Amino acid sequence: MPKIKFALVCILIIAVLIFSAPVFAETPTFPPTPTSTPTKSPVPLSGTITINEIPDVYENSLECIFSGTSTYPAGTVLKYIIQNNTSGYSSKERYTTADENGYWEISINSANLENGESLFLISDLNEDEIFSKTFLVQRPATSTSTLPPLTPTPAQTHSAVPTTTPQKSGGEVSEIFYLFLKFLPIVCIAVIVILGYMRIGCSREPESKPMQILAYIKKYPGSLESDIVKGTEYSRGSTVYNLNKLLKENLITAENYHKTIRYYPADTKNKMKKTVDAILSREKTALIFNTIKENPQSTLAEISKKTSLTRAAVRWHLIQFKNDGVVISQKDGKEIHYSVSKEVNFK
């Protein structure tokens with residue numbers, strides 16, 4: 001099977017070179033395609049986020065504007081959460097980026113926020129530091145039903161890029177054969193490179209890089225690419241290359257967790273276990289989760305005291321835990337108690 005795969009690759013390279021050769025001399029250019037949402041940096045980022053003063057929300061004011069500045073590198077994705085302390089309502093994670101001058105602005109519909117104190121939390125994707133600010137909602141209980149809901153700003157659309165298929169000139173067989181001979185050295189070099197460097201399949205030797213990376217993932221399921229690079233001390237390029245080989249061999253799986261890619265052994269099938277593994281792979285989240293597990297019905301203040309983390313940081317992760325279904329909350333008067341969900345019952 002490896003020999004057949006290798007032969008097919010060689011034939012494909014030769015065919016592409018032959019049939020694309022007539023248009024090499026005049027290749028049309030196209031405008032760059034707009035990029036998608038920026039992804040998380042593989043290395044920790046440093047910076048601060050300043051939140052401007054938030055005006056209190058009164059009657060006839062469903063729109064709430066949050067703004068500020070960021071010293072993170074240009075293009076860094078910032079994610080934010082709104083929590084209403086009165087009802088316990090928490091919004092889903094949303095994302096924004098600052099402009100070239102570091103300024104950012106967010107507009108939200110506050111119809112779901114009950115009267116009382118609310119909290120705005122914002123951080124970069126690495127969640128190395130959480131920034132927060134409180135604001136007050138005070139309006140008649142009937143005001144939200146009489147005011148029209150805000151219309152969300154439509155996402156920016158891009159016009160389709162017109163594409164035209166370059167027409168090959170009606171050359172004869174002799175011309176194509178000439179082009180084939182012209183590019184024959186390139187084909188030969190490509191075949192030599194493939195013969196010299198292409199390795200099909202993963203080496204199963206325990207000391208090989210793929211097996212060392214697999215062993216690390218089995219020991220620390222839910223690891224990030226950066227965690228594997230740091231833990232194995234392999235270069236990032238070598239790590240990515242071997243991760244792709246392990247994925248092709250179905251020895252590991254890759255899952256998206258809060259816009260980050262986590263790696264798991266292929267035999268990990270339980271989705272809840274994958275979520276908990278991702279939580280336990282990070283120092284802060286593991287500390288908060290284990291504290292709740294060891295101390296059921298803990299309040300925010302108790303968790304913050306036991307973990308020595310700020311209330312804003314603990315609150316941020318508790319919202320994520322609730323959205324993931326690994327933690328449940330129960331309100332008792334003004335206090336909210338947190339416990340590990342019964343769904344987390346795997347071994």
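Ser298 counts as buried, because its relative accessibility is 2% and the cut-off for buried is under 20%. This is a predicted model, and the values here are computed from it.

Start at that serine. Ser298 sits in strand E10, which covers residues 298–299. Which residues surround it? Setting aside neighbours within four places in sequence, Ser298 is in contact with Ile303, Ile336, His337 and Tyr338.

Ile303 belongs to helix H10 and takes part in the contact with helix H11. Two packed helices are described by the angle between their axes and the distance between the axes. H10 spans residues 300–307 and H11 spans residues 311–324. Their axes come within 9 Å and cross at roughly 115 degrees. H10 therefore counts as roughly perpendicular to H11, since that class takes in angles from 65 to 115 degrees. The crossing of H10 past H11 is right-handed. On the H10 side, the contact is made by Leu300, Ala301, Ile303, Ser304 and Thr307. H11 supplies Arg311, Val314, Arg315 and Leu318. By type, the residues of this contact are five nonpolar, two polar and two charged.

Now take the other serine. Ser91 lies in the loop between strand E3 (77–84) and strand E4 (94–97). Is Ser91 buried or exposed? It counts as buried, because its relative accessibility is 4%, and under 20% is the cut-off. Not counting residues up to four places away in sequence, Ser91 touches Ile81, Ile82, Ile319 and Asn323. Asn323 is 232 residues from Ser91 along the chain, yet their C-alpha atoms are separated by 9.4 Å.

Helix H5 (residues 209–219) and helix H6 (residues 225–232) have axes that come within 10 Å and cross at roughly 115 degrees. H5 passes H6 in a right-handed crossing. Ile213, Tyr216 and Ile217 of H5 meet Asp227, Ile228, Gly231 and Thr232 of H6. The residues of this contact divide into four nonpolar, two polar and one charged.

Last, the hairpin. Strand E8 (residues 252–257) pairs with strand E9 (residues 260–265) in the antiparallel sense, over six bridges. Within this pair, Glu255 stands opposite Arg262 in E9. How many residues lie between the strands of the hairpin? There are two, and His258 takes a positive phi near 50 degrees in this hairpin.

Notes
Residues numbered from 1 in each chain as written. Predicted model: local features only at pLDDT ≥ 70, side-chain atom pairs only at ≥ 80, totals over all residues. Heavy atoms only, no water. Pairing = 2+ DSSP bridges. Helix = DSSP H or I, 4+ residues; strand = E, 2+ residues; numbered from the N terminus. Axes fitted to C-alpha atoms, helices over the stretch in contact; angles between N-to-C directions. Left-handed = near helix turned anticlockwise from the far one by under 90°. Contact = heavy atoms within 4.5 Å. Nonpolar A, V, L, I, M, F, W, Y, C, P; charged D, E, K, R; others polar. Buried < 20%, exposed > 50% of the residue type's maximum accessible area, 1.4 Å probe, protein only. Parallel < 35°, antiparallel > 145°, perpendicular 65-115°, else oblique.
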